[in-house]
Amino acid sequence: MAAANWKMNLTIDKAQALINDILKEGILPGENGQVIFAVPFPYLMVAVDKLKNRKGYAIAAQNCSDKTSGAYTGETSVEMLRSILINYCVVGHSERREYFGETNGMLAEKIDLCLAQNIIPIFCCGEALDIRERDGQNDFVRKQIEDSLYHLSAEHLQQTIIAYEPIWAIGTGKTATTEQAQQMHYFIRSVLAGKWGENVAEKISILYGGSVKASNAKELFSCADVDGGLVGGASLVATEFVQIINALKH
Ligand code: PGA
């Protein structure tokens, strides 16, 4: 899976042009090749409409509320997303955790709401640089997974995608090495296996995010436990993102 995370970028004209430029390549994503665009809220309906007959392409929201409905000015509920035919939602991106105070507990609520509406959560986890420097990344990521996912049934976990995004690699141009990515993805899968069993763990897509670009995508995606990428900066450039889609395992 190649998931584009546009973040707070692009006006509508540029957004439409970007999707058009990517679609005109006519890439037919294979079994592992689902392509997702996580676009800003105002563009969701336009984007869903654009992709409606394109097999293998889907739209994601970048966030959702942890409340069901009511007096929460400025928030967007999962039910609203479902009502406009959204199938995926990014949950717990490190920018939301850092700048908007999202906690593991809130993310557990968001994940439950998504799953109840048949929206696949793309759950982000990953450590900051100081944690990596003292070799605390495994404990840190395990705790994120425990706090936000451990309450799920095996069935629900299998409808969840995990994105490992080391914060020190996001938007910095500093990508994790293939060894670092593979080690952490293997670790995450072993945490999942410990809780839900190996059969379940093997079925979960674990994406890598953090300065994925055309030039490093193939190498990262060749790691046994890396099932694709969550891509920020490089997803805003059609030629880059097209190469990233083409780098997915077939
Ligand atoms: P980046 O962002 O590819 O620009 O590092 C990734 C992300 O934040 O999802």
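These legends describe close-up views of a predicted model.

Local features need pLDDT of at least 70, and side-chain atom pairs count only at pLDDT 80 or more, while totals for chains, interfaces and linings use all residues. Residues are numbered from 1 along each chain as its sequence is written, and side-chain values use heavy atoms, with hydrogens and water left out.

**View 1. Helix 11 packs against helix 12.**
Helix 11 spans residues 214–221 and helix 12 spans residues 238–246. Helices are DSSP runs (H or I, at least four residues), as are strands (E, at least two), numbered from the N terminus. The two axes lie 8 Å apart, at an angle of about 15°. Axes are lines fitted to C-alpha atoms, for helices over the stretch in contact; angles run from 0 to 180 degrees between N-to-C directions. Helix 11 and helix 12 are therefore roughly parallel (angles under 35 degrees). Their crossing is right-handed: the near helix is turned clockwise from the far one by less than a right angle.

**View 2. Residues at the contact of helix 11 with helix 12.**
Helix 11 contributes Ala214, Ala217, Lys218 and Phe221. Helix 12 answers with Glu240, Gln243, Ile244 and Asn246. Contact means heavy atoms within 4.5 Å. By class, the contact residues are four nonpolar, two polar and two charged. Ala, Val, Leu, Ile, Met, Phe, Trp, Tyr, Cys and Pro count as nonpolar; Asp, Glu, Lys and Arg as charged; the others, Gly among them, as polar.

**View 3. The buried and exposed faces of helix 11.**
Ala214, Asn216, Ala217, Leu220 and Phe221 are buried. Buried means under 20% relative accessible area, exposed over 50% (1.4 Å probe, protein chains only). Down the axis of helix 11, the buried residues fall within an arc of 155°, so they line one face. The arc is that of the directions from the helix axis to the C-beta atoms. Turned away from the buried side are the exposed Ser215, Lys218 and Glu219. The cover over the buried residues includes helix 9 (178–196), strand 7 (206–209), strand 8 (229–231) and helix 12.

**View 4. Lys110 in helix 5.**
Helix 5 covers residues 104–116. Lys110 counts as buried, at 3% relative accessibility. Not counting residues up to four places away in sequence, Lys110 touches Asn63, Cys64, Ser65, Asp66, Val91 and Glu102.

**View 5. Leu192 in helix 9.**
Leu192 counts as buried, at 0% relative accessibility. Beyond residues up to four places away in sequence, its contacts are Ile145, Leu157, Ile162, Gly197, Ala201, Ile204 and Ile206. Val226 is 34 residues from Leu192 in sequence and 15 Å away in space, C-alpha to C-alpha.

Conventions:
Angles under 35 degrees count as roughly parallel, over 145 as roughly antiparallel, 65 to 115 as roughly perpendicular and the rest as oblique.
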